[in-house]
Amino acid sequence: AFTPRVFSGIQPSGGLTLGNYLGAIKRFVQMQDSGTPTIYCVVDLHAITVWQDPAALRRQTRELTAGYIAAGLDPARSILFNQSQVPEHAQLAWIFNCVARMGWMGRMTQWKDKAGKNAENASLGLFAYPALMAADILLYHATHVPVGEDQKQHLELTRDVAAKFNHDYGVDFFPITEPVIEGAATRVMSLRDGSKKMSKSDPSDASRINMTDDADTIAKKIRKAKTDPEALPSEAAGLEGRPDARNLVNIYAALSDSTVDAVLRDVGGKQFSEFKPMLADLAVARLSPISTEMARLMQDPAEIDRILGDGAARARAIASPILQKTYEIVGM
Ligand code: ADP
Ligand code: NA
């Protein structure tokens, strides 16, 4: 049996979005506060699977760390660190490149979406992304991984890697990790297109709410969010076939720590012209204390770097013996 340990990460490939907050960070904080050991990573090695400007990468790494802390992660209770500062991630990823199969990678929907029709020109790292993610998780023998819905397939691949390694080498060394995908907003959609997820790497800034957007920007983006001409229904069934409407109600429910049914009991029958300002006020009330604190933390980059350095040392203390044992099992 493996002792419970939580691991997750976010890419510093842009600013944090409302999707990252509701799908990931909010749950990270709850899991920290529940007392389980928690390890949260800034996954810069993942970010460079697509081009990143070096100065922007450096800034976004600090900003994401500030976002973690501002949202409630405590560097004394959670290990917060940057992936590239713990070389064991890349080392275990190589082993897993030799365990995972080409066919597994080729079936990943994120690979298909991101490489698109131009796979010949995508980086090799983008293809191997899920093997690195398996290494991130299994390097700590993590048992639970809080993520948004879009990462479910990658988590299944992590389980496949662990199972194949254990089977091939005749050991019970890596745990079969459980994804934790819970709440009303495990898949926040683009404000401009309810069939696409909200993402920090979407070229359209109007498609997302950034954690650092000011109150006016948040209100404007929500006012302009795509909806349909119908009023809000009084039951969840009335959102069937209305992805844009459903998205805004999901966001409201998650921000108010409520459920879609409870929200619709209150707002059913209202027009979106009335609901959108309510949603904007709620989003501003929830996000502005976090963005204010992020801005304050960003004034002291040396302190952020110190926190990341301390986190990396604590992460390595766990990762290094697990990598050594892996090498031994493999015959190295
Ligand atoms: P992004 O797509 O914004 O670059 P990442 O790939 O860095 O996000 O994912 C970081 C975490 O945020 C993951 O757990 C992911 O599932 C979650 N996440 C990202 N976008 C969304 C979204 N639109 N809705 C819910 N969770 C999301
Ligand atoms: Na992403």
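The domain bounds used on this tour come from an automatic or database domain assignment. For the protein chain, that assignment gives domain 1 (6-180 + 300-330) and domain 2 (205-295). The model is predicted.

**Stop 1: the two domains**

Colour residues 6-180 and 300-330 as domain 1, and residues 205-295 as domain 2. Their centres, taken over C-alpha atoms, are 30 Å apart. Where they meet, 12 residues of domain 1 are in contact with 10 residues of domain 2. On the domain 1 side of that contact, H1 and helix H3 (54-70) are the elements that give two or more residues. This side is made up of 7 nonpolar, 4 polar and 1 charged residues.

**Stop 2: the ligand**

Select ligand 1 and the 21 residues around it; Gln 11, Gly 19, Gly 23, Val 147 and Gly 148 come nearest. Sorted by class, the shell holds 11 polar, 6 nonpolar and 4 charged residues. Helix H1 (residues 18-33) gives the most to this shell, with 5 residues.

**Stop 3: an annotated stretch**

**Stop 4: the largest nonpolar core**

Show Phe 96, Ala 134, Ala 135, Val 161, Ile 251 and Ala 283, the residues with the most contacts inside the largest nonpolar core, which has 93 residues. Helix H12 (residues 272-298) supplies the largest share of the core, 10 residues. The core lies between domain 1 (6-180 + 300-330) and domain 2 (205-295), because both give residues to it.

Centre the view on Ile 251. Leaving aside residues up to four places away in sequence, Ile 251 touches Leu 18, Ala 185, Val 188 and Leu 279.

**Stop 5: two loop residues with positive phi**

Go to the loop between helix H7 (124-138) and strand S4 (144-146), where His 141 is found. The phi angle of His 141 is near 50°, a positive value in a residue other than glycine. His 141 has 18 C-beta neighbours inside 10 Å and so counts as partly exposed, since a residue is buried at 20 or more and exposed at 12 or fewer.

Finish at Asp 257, in the loop between helix H10 (243-255) and helix H11 (260-267). Asp 257 is also a residue other than glycine with a positive phi, near 50°. Asp 257 counts as exposed because it has 10 C-beta neighbours inside 10 Å.

Terms used. Residues are numbered from 1 along each chain as its sequence is written. Chains are lettered from A and ligands numbered from 1 in the order in which they are written. This is a predicted model: local features need pLDDT of at least 70, side-chain atom pairs count only at pLDDT 80 or more; totals for chains, interfaces and linings use all residues. A residue is near a molecule or strand if its C-beta atom, placed from the backbone, lies within 6 Å of it. Helices (H or I, at least four residues) and strands (E, at least two) are DSSP runs, numbered from the N terminus. Ala, Val, Leu, Ile, Met, Phe, Trp, Tyr, Cys and Pro count as nonpolar, Asp, Glu, Lys and Arg as charged, and the others, Gly among them, as polar. Two residues are in contact if their C-beta atoms, placed from the backbone, lie within 7 Å. A nonpolar core is a set of buried Ala, Val, Leu, Ile, Met, Phe, Trp, Tyr and Cys residues joined through C-beta atoms within 7 Å.
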